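I wanted to go through this structure step by step and keep a record of what I looked up. The entries below are in the order in which I made them.

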Amino acid sequence: MLAAQPARAVPPFARQTGLACEACHTMPPELTAFGRRFKLSGYTLTTRPPLVNDIDDHKKDTLFLTDLPGIAVLAQMGYDHYNRAPPDTGQPYPAHAQSDTFQFPDQFSLVYAGAVSDKVGAWLQLTYNGQAGSVGIDNIDIRYSDHTVDNKWVWGVTANNYLTFQDVWNGIGSYTIPNFNTVTLSSGGVAGAGTSGPILNALGPGSVAGIGAYVFYNDSLYFELSAYHSAVAGGNSPTIDSVSLAANGGAVDRFAPYARIAYERDWGYHSAEIGGSALYVNWIPSVGYISAQQQAAAALAGNTYTPGQTFNPGAINRYTDLSVDWQYQYNGPYNLFGFMGHVTHERQQNSNQLVAATFTGASSPIYSNPTDTLTQFLVTGEYFRNRHYGGLVSFTRTTGTSDPLANGGNGSPANQYETFELDYVPWLNFRFILQYDVYQVVANNQNPFNLSNANFPNSPGFPNVKASDNNTWVLGLWMDF
Amino acid sequence: MRKLAIASVDIAAGIAAIALAAMAVRDAYSATLIVPPDPSTMGTQNLVNNACSKCHGENGISVSPLFPILAGQLPGYIEAELKLFRLRARSDPRARAFMWGIARGLTDEQIKGVAQYFSSQPAVHGSASSNAALADKGKLLYESGKPELDIEACTVCHGHDGEGVNTQPRLAGQHRDYVAIQMSQYRLGLRENKVMQHVTEKLTDDEIAALVEYISTK
């Protein structure tokens, strides 16, 4: 639904703390037990005294400026080769279809990361997105954190613009492993196999902002309550309209509550976590593709619909996402092993007006069903030797109710794919990646490239399409410095 | 930036501004140089608050067994280890990942201050074992060693109740997991110490488990 950029591990933390990458990361961006604690402590650990600080009459700090700002560059390059060249979209003239694409860079970010004061830390990211071809505000996480003298209770407040970006485990959310580009290249990119997912993964930068409070007890029990509001990029008006919304997008209505609980246990070289989360969203959908017929009907009723515009009267879909996630890590002196994943079940109650086509200018309903459900299952296993060589295997399967009006084709949102990845990591901040994504099922009647006549009017005869047409080789480079 | 500023005023004023700026620079050179403080200028309490306490706790009692409990640890041992970290002469994986960087800029005074701070925090003690037979086996080994394998009693270096001796660490009250991992790292040669490497190479897994069990009761 929205293209949220995954976050990255950053060298400024190493510069600030003096710690090696492996103190916080098994293999970036996956966190170790200590890395989780560092993040929950608001990124504040430092051995460097402030360059400038000021103290008031009560000997309390009123200013704390570090001697070096924690700036980093994060860059990803990707070369993708598809099993089959995507169809010609150059209308009305034929274009030259290629079966590969070079994203150079796929993503280029500038990040400030680190302590702002002794109890406040921040992650502020500005990203050039190669596929969008634009620069924009990316992930933001600003934290206040404190702890009891005996360190048993750590608590904090986070303000962020990406639901799950604040999370510290890697089985679910924005830091789910595999983390290299599987979203942007395999599912949202040129190949665009229709890999629909829950709204939990879709509330990102440019769409929402939220505030949450959390406690972490005894390095084991975590509890968080957050609420997210629409914070649509490009508009400073409280009104949500086609100026700020993308076609087939939308915005959060009022506040979306999110609760997260997790239990972690660390012993020896092992760490295991099991967690759950619940999210409830009132979602204002925006108009997607408008057919000539719909436009004419709308005109008759005195309306003009443009893609991105909300429906009149304001229609609201209600989403409830319940998830279970888990993670096991073995972080030994030579070997790293990880096993993580999640199951998310989503219930989507569609607006009556959109199901019964009673909104202004309606010529046909938007959804086939009053209620749709979606279940996503992801499991990943990874292994690294000496933090230099390794790889992972990941399996994702999504199933759900068939809704032909919402999804097109046969209406099924189902998809299933595996990611196989080999990594060579000469340095922890410089990683070569060879990835192969294999698709068994893609959404919309196994229609590769998410074809619809609306998108590809010149390619009605793209013959013998099958899910495996989306299979993709990715050669990637990921560096942070 | 400077070009923009000059462009916004007339040329004469611009020249004057440059001349003033040059004077300011010259004056700055003649004044006392103020350099950014070295990281090593952090006082003990600041160091504890901003760095040590994040893992070891403000009171020296770490929550996670990844990190040793320092409360009541002997100052001589803390000092010796911090100096080893600073020299990069202790290179077990966690020392490399965490302590090399933390200790890199510490002065002798800071090391002394931190050592004093943690050693003066109230010590903690272990709890009774749920496996008395194993703990008894450990007690025997701890107190008598294994002369036939040239292993002295642990008491010689670690004291009768694991309280430590001079620069040899206090073991009493330490996280069981932490002790177990140190033993395995000595055996793997990842943590350097001739005596402990010898001991862990000669002892069996069961014997090491027994020792760890016994220590956890102290």
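This is a predicted model: local features need pLDDT of at least 70, side-chain atom pairs count only at pLDDT 80 or more; totals for chains, interfaces and linings use all residues.

Entry 1, chain B overall. I began with the secondary structure and found 11 helices and zero strands in chain B. I then looked up burial, and buried residues make up 37% of the 218 residues in chain B. Among contacts in chain B between residues at least 6 apart in sequence, I noted that 66% join residues at least 24 apart.

Entry 2, the contact between the chains. I found 31 residues from chain B and 27 residues from chain A in the contact. On the side of chain B that touches chain A, the elements giving two or more residues are helix H3 (44-56), helix H5 (93-103) and helix H9 (176-187) of chain B, and H5(B) provides the largest share, six residues.

I looked next at how far H5(B) is enclosed: eight of its 11 residues are buried, so H5(B) is largely enclosed by the rest of the structure. The buried residues of H5(B) include Phe98(B), Met99(B), Trp100(B) and Ile102(B), and Arg94(B) is also among them. I traced what the buried residues of H5(B) pack against, and the partners are helix H2 (21-24) of chain A together with H3 and helix H4 (75-87) of chain B.

I looked up the packing of H9(B) against helix H10 (residues 194-202) of chain B, where the angle is about 95 degrees and the axes are 8 Å apart. That angle makes H9(B) roughly perpendicular to H10(B). I listed Met183(B), Tyr186(B) and Arg187(B) as the contact residues of H9(B), with Met196(B), Gln197(B), Thr200(B) and Glu201(B) on the side of H10(B).

For phi, I noted a positive value near 85 degrees at Thr164(A), which counts as buried with 23 C-beta neighbours inside 10 Å. Phi of Asp150(B) is positive too, near 65 degrees, but Asp150(B) is exposed, with 10 other C-beta atoms within 10 Å.

Notes. Residues are numbered from 1 along each chain as its sequence is written. Chains are lettered from A and ligands numbered from 1 in the order in which they are written. Two residues are in contact if their C-beta atoms, placed from the backbone, lie within 7 Å. Helices (H or I, at least four residues) and strands (E, at least two) are DSSP runs, numbered from the N terminus. A residue is buried if 20 or more other C-beta atoms lie within 10 Å of its own, exposed if 12 or fewer, and partly exposed in between; C-beta atoms are placed from the backbone. Axes are lines fitted to C-alpha atoms, for helices over the stretch in contact, and angles run from 0 to 180 degrees between N-to-C directions. Angles under 35 degrees count as roughly parallel, over 145 as roughly antiparallel, 65 to 115 as roughly perpendicular and the rest as oblique.
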